[in-house]
Amino acid sequence: MKYGTVVWDFNGTLLDDVEVGIRSVNKLLSDRGLPVIESRDRYFDVFGFPIREYYERLGFDFQSESYDELAVQWVEQYNHNVMSAPLCHGVRETLDMLRDADMRQYVLSMTESSMLRMQLRQLGVEGYFSDVVGLEDYLAESKLAIASAFARREDLSDAVLIGDTVHDFEASVAMGTDCILVASGHQRREQLERCGCPVVGTVLEIDWGI
C-alpha cells in the first residue's frame with residue numbers, strides 16, 4: 001500500500017549500534033567474571049525481549065544484584081561507546097526521500113526520551129520527525145505500553161512501523177499498523193521472518209509506493 005506515516009524504531013534501525021550494545025554489556029559481564037559475548041552470532045543467539053530475560057541468559061543474577069542498578073550501569077557504558085555509532089546504511093537518503101514526499105515520520109524507541117533526542121540531534125536527524133517517543137526512564141523491559149499510548153493519540157491508519165526485532169513487530173500489532181523489519185540490526189533474518197511480515201536487508205530495499 002502507499003503509506004503516509006512512518007514510525008521508526010531507533011536502535012538497530014536508524015542507528016547502527018549492534019557493536020556498541022555488545023561492547024557495553026561485555027564490560028558489565030567482564031566486571032563480574034562472566035563469559036563475554038565473543039561474536040555477533042553469539043549475540044543473536046541470546047538477545048531478545050524482555051531485556052531482563054536477555055540479561056539472565058547472559059548469566060546476570062538478579063537474586064544477588066538489582067536489575068535497576070544494572071540497567072543504569074549499562075546506559076553509562078552505552079553512552080560512553082555510542083559516540084562512534086553511525087546511522088544505518090541508507091537511512092539518511094530514506095529520511096530525505098520521505099520528507100520530500102510529505103510523509104509524516106516518528107521515532108518510537110525504548111531509549112529514554114532525553115537520551116533519544118540527544119542522540120538524534122548529534123546524528124543531525126532530529127528535524128525529520130514530527131514527534132519522538134521514548135521511555136520515561138532506563139528501566140522498562142518493553143515498549144508495548146508506549147506503542148499503545150502512541151496509537152491512541154495519533155492517526156495511524158496509513159502507518160507502517162520499521163524495526164529490526166521481533167519486539168518491533170509486536171509493537172506494530174499493539175498499534176494496529178503494518179510492519180516491515182530490517183535484517184541488519186539486533187536479530188537474525190530467520191528470527192524476523194517468523195513474524196510473517198516483510199523483511200528486507202536494508203531500508204533502501206523498501207518499496208514506499210511513492
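This is a predicted model: local features need pLDDT of at least 70, side-chain atom pairs count only at pLDDT 80 or more; totals for chains, interfaces and linings use all residues.

Student: Let's start with the core. Which residues touch the most other members of the largest nonpolar core?

Tutor: That would be Y54, Y55, F60 and L108, in a core of 38 residues. Helix 1 (residues 18-31) gives the largest share of this core, with 5 residues.

Student: And what does Y55 touch?

Tutor: Leaving out residues up to four places away in sequence, Y55 touches V25, F60, F62, Y67, L70 and W74. There's also a second, separate core of 34 residues, which includes V20, Y78, A85 and L123.

Student: OK, helices now. How do the axes of helix 7 and helix 8 cross?

Tutor: At roughly 35°, and the axes come within 8 Å. Helix 7 covers residues 144-153 and helix 8 covers 166-175. The crossing is right-handed.

Student: Which residues make the contact?

Tutor: Helix 7 puts in L144, A147, S148, F150 and A151, while helix 8 brings H167, E170, A171, A174 and M175. By type, that contact splits into 7 nonpolar, 2 polar and 1 charged.

Student: Switching to the backbone. Where's the cis peptide bond?

Tutor: Between F49 and P50, with omega at about 0°. P50 sits in the loop between helix 2 (40-46) and helix 3 (51-58).

Student: And which residue other than glycine has a positive phi?

Tutor: D102 has one, with phi near 60°. You'll find D102 in the loop between helix 5 (91-100) and strand 2 (104-112).

Student: Is D102 buried or exposed?

Tutor: D102 counts as exposed, because its relative accessibility is 70% and the cut-off for exposed is over 50%.

Student: Last topic, cysteines. How many disulfides does the count come to?

Tutor: The count is 0 disulfides. For C88, the nearest cysteine sulfur belongs to C179 and is 15 Å away. C88 is also buried, at 8% relative accessibility.

Methods: Residues are numbered from 1 along each chain as its sequence is written. Side-chain values use heavy atoms; hydrogens and water are left out. Axes are lines fitted to C-alpha atoms, for helices over the stretch in contact, and angles run from 0 to 180 degrees between N-to-C directions. Helices (H or I, at least four residues) and strands (E, at least two) are DSSP runs, numbered from the N terminus. A crossing is left-handed if the near helix is turned anticlockwise from the far one by less than a right angle, and right-handed if clockwise. Contact means heavy atoms within 4.5 Å. Ala, Val, Leu, Ile, Met, Phe, Trp, Tyr, Cys and Pro count as nonpolar, Asp, Glu, Lys and Arg as charged, and the others, Gly among them, as polar. Buried means under 20% relative accessible area, exposed over 50%, partly exposed in between (1.4 Å probe, protein chains only). A nonpolar core is a set of buried Ala, Val, Leu, Ile, Met, Phe, Trp, Tyr and Cys residues joined through side-chain atoms within 4.5 Å. A disulfide is a pair of cysteine sulfur atoms within 2.5 Å.
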